[in-house]
Amino acid sequence: MTTDVILRASDVHRSFGGVRAVDVDDFEVERGSIVALIGPNGAGKTTFFNLLTGFERADGGSWHFEGHDLAGKPAYAIARTGMVRTFQSARVFPRLTVTDNVRLGAQRQRGEQLGRSIFPWAWRSQDDELATRALELVEWVGLGAKATDLAGTLSGGQRKLLDLARAVMAAPTLLMLDEPMAGVNPALRQALLDKIGELPGEGITVLFVEHDMDVVSAISDRVVCMAEGTIIASGSPSEVAADPRVVEAYLGGSQGDLRDHERRTPLDVPVGDETADPVAVEPDVTDIEEAMDDATDLPPLRDDEERGSS
Ligand SMILES: Nc1ncnc2c1ncn2[C@@H]1O[C@H](COP(=O)(O)OP(=O)(O)OP(=O)(O)O)[C@@H](O)[C@H]1O
Ligand SMILES: [Mg+2]
């Protein structure tokens with residue numbers, strides 16, 4: 001059986017002041033899969049995302065996405081190939097509405113290409129189309145009741161949902177999510193997880209960073225574990241969780257390394273007592289929970305002429 005590899009990276013490395021933050025020999029993502037990237041704090045996961053997506057310069061290495069040689073390419077050019085990422089801390093435009101924030105995720109708007117003053121009718125109809133699509137995605141993540149609210153009023157967890165909708169708005173082929181569950185109330189995690197699980201069915205391959213092994217096991221086809229910049233294990237969730245090198249990396253590195261963005265779940269600690277964790281609890285969860293009940297199915301992706309081009 002041959003696998004259809006959508007992203008392949010070789011010998012990608014980057015040092016900061018003599019410390020090898022990333023040193024990845026081989027890394028692959030299969031089309032249509034959900035791959036989880038795990039590893040203790042400082043393992044290099046975010047830096048690896050930054051290198052692959054052009055937000056940081058690699059010292060060396062090569063990586064190809066759907067036939068595009070991406071090494072050295074700027075972030076905007078990489079995003080246009082269909083490889084789109086979110087950030088560990090969701091960034092929103094606080095003075096724009098939730099829907100407008102999502103709308104801004106759309107890439108290469110036809111109106112901009114043609115020149116608005118020359119062909120106003122072309123961009124006007126596309127504007128309507130994008131606005132409709134943005135609203136569909138706002139509803140998809142369960143934020144329909146907040147569609148016209150300013151994004152600045154959202155909680156951290158709600159911003160994560162907004163960020164996911166905005167990234168999907170870009171019509172990605174590969175979506176890279178850096179800790180999509182971080183800061184999201186435990187009550188919302190399952191719903192968000194379900195949303196992520198729907199993406200491959202819509203033609204979106206998913207690569208995501210996550211610490212919680214329960215989350216990882218629930219939706220990942222494959223798990224890759226990084227420690228000190230290198231990949232130390234790769235396989236099914238159960239294989240990786242049982243790998244002594246992985247257990248060692250977590251126990252050796254994460255116990256005293258709690259940072260403010262996310263609680264850590266070492267592999268040998270059962271998940272469950274999440275309500276006791278003040279970091280993970282947000283005050284305004286009820287309305288979003290209700291909204292989640294109204295969350296819709298992912299609307300079919302539009303046949304976007306920009307996808308897969310060049
Ligand atoms: N811009 C930078 N300058 C200097 N060192 C950096 C920079 N970015 C990352 N590092 C270092 O590179 C290493 C990897 O960091 P990175 O943020 O990629 O880890 P991570 O696996 O995403 O961790 P976390 O789980 O905490 O998000 C760390 O030692 C970090 O301090
Ligand atoms: Mg990180």
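Q: What share of the contacts in the protein chain with a separation of 6 or more comes from residues 24 or more positions apart?
A: Such pairs account for 71% of those contacts, where a contact means that two C-beta atoms, placed from the backbone, lie within 7 Å. This is a predicted model, in which local features need pLDDT of at least 70 and side-chain atom pairs count only at pLDDT 80 or more, while totals for chains, interfaces and linings use all residues. Residues are numbered from 1 along each chain as its sequence is written, and chains are lettered from A and ligands numbered from 1 in the order in which they are written.

Q: And how many helices and strands are there?
A: The protein chain has 11 helices and 10 strands, taken as DSSP runs numbered from the N terminus, with helices being H or I of at least four residues and strands E of at least two.

Q: Which strands make up the open sheet with antiparallel pairing?
A: That sheet has four strands in the order β2-β1-β4-β5, and two strands count as paired if DSSP finds at least two bridges between them. Because β2 and β5 (68–69) each have a single partner strand, they stand at the edges, and one side of each is left without a neighbour in the sheet.

Q: How many bridges join β1 and β2?
A: Strand β1 (residues 5–16) pairs with β2 in the antiparallel sense over 10 bridges, and Leu7 stands opposite Val29 in β2.

Q: What about the sheet with mixed pairing, which strands are in that one?
A: Six strands form this open sheet, in the order β6-β7-β8-β3-β9-β10. The edge strands are β6 (83–85) and β10 (230–235), each with a single partner strand, so one side of each has no neighbour in the sheet. From one strand to the next, the twist averages 20 degrees.

Q: Which strands does α1 touch there?
A: Helix α1 packs on that sheet and touches β3, β6, β7 (174–178), β8 and β9 (222–227), with its direction at about 145 degrees to that of β7; axes are lines fitted to C-alpha atoms, for helices over the stretch in contact, and angles run from 0 to 180 degrees between N-to-C directions. α1 also lies across β1, β2 and β4 (60–65), running at about 65 degrees to β2.

Q: Switching to the ligand, which residues are closest to ligand 1?
A: Of the 13 residues that surround ligand 1, the closest are Phe16, Ala21, Lys45, Thr46 and Thr47, a residue being near if its C-beta atom, placed from the backbone, lies within 6 Å. The elements giving two or more residues to this shell are β2 (19–30) and α1 (45–52), and α1 gives the most, with three residues.

Q: Where is Pro180, and is it buried or exposed?
A: Pro180 is in the loop between β7 and α7 (186–198). Pro180 is buried, with 26 other C-beta atoms within 10 Å; buried means 20 or more such atoms, exposed 12 or fewer, and partly exposed in between, with C-beta atoms placed from the backbone. Not counting residues up to four places away in sequence, Pro180 touches Thr86, Lys160, Leu164, Leu192, Ile196 and Phe208.

Q: How many residues of α6 are buried?
A: In α6, 13 of the 14 residues are buried, so this helix is largely enclosed by the rest of the structure. Just after α6, Ala171 takes a positive phi of about 55 degrees.
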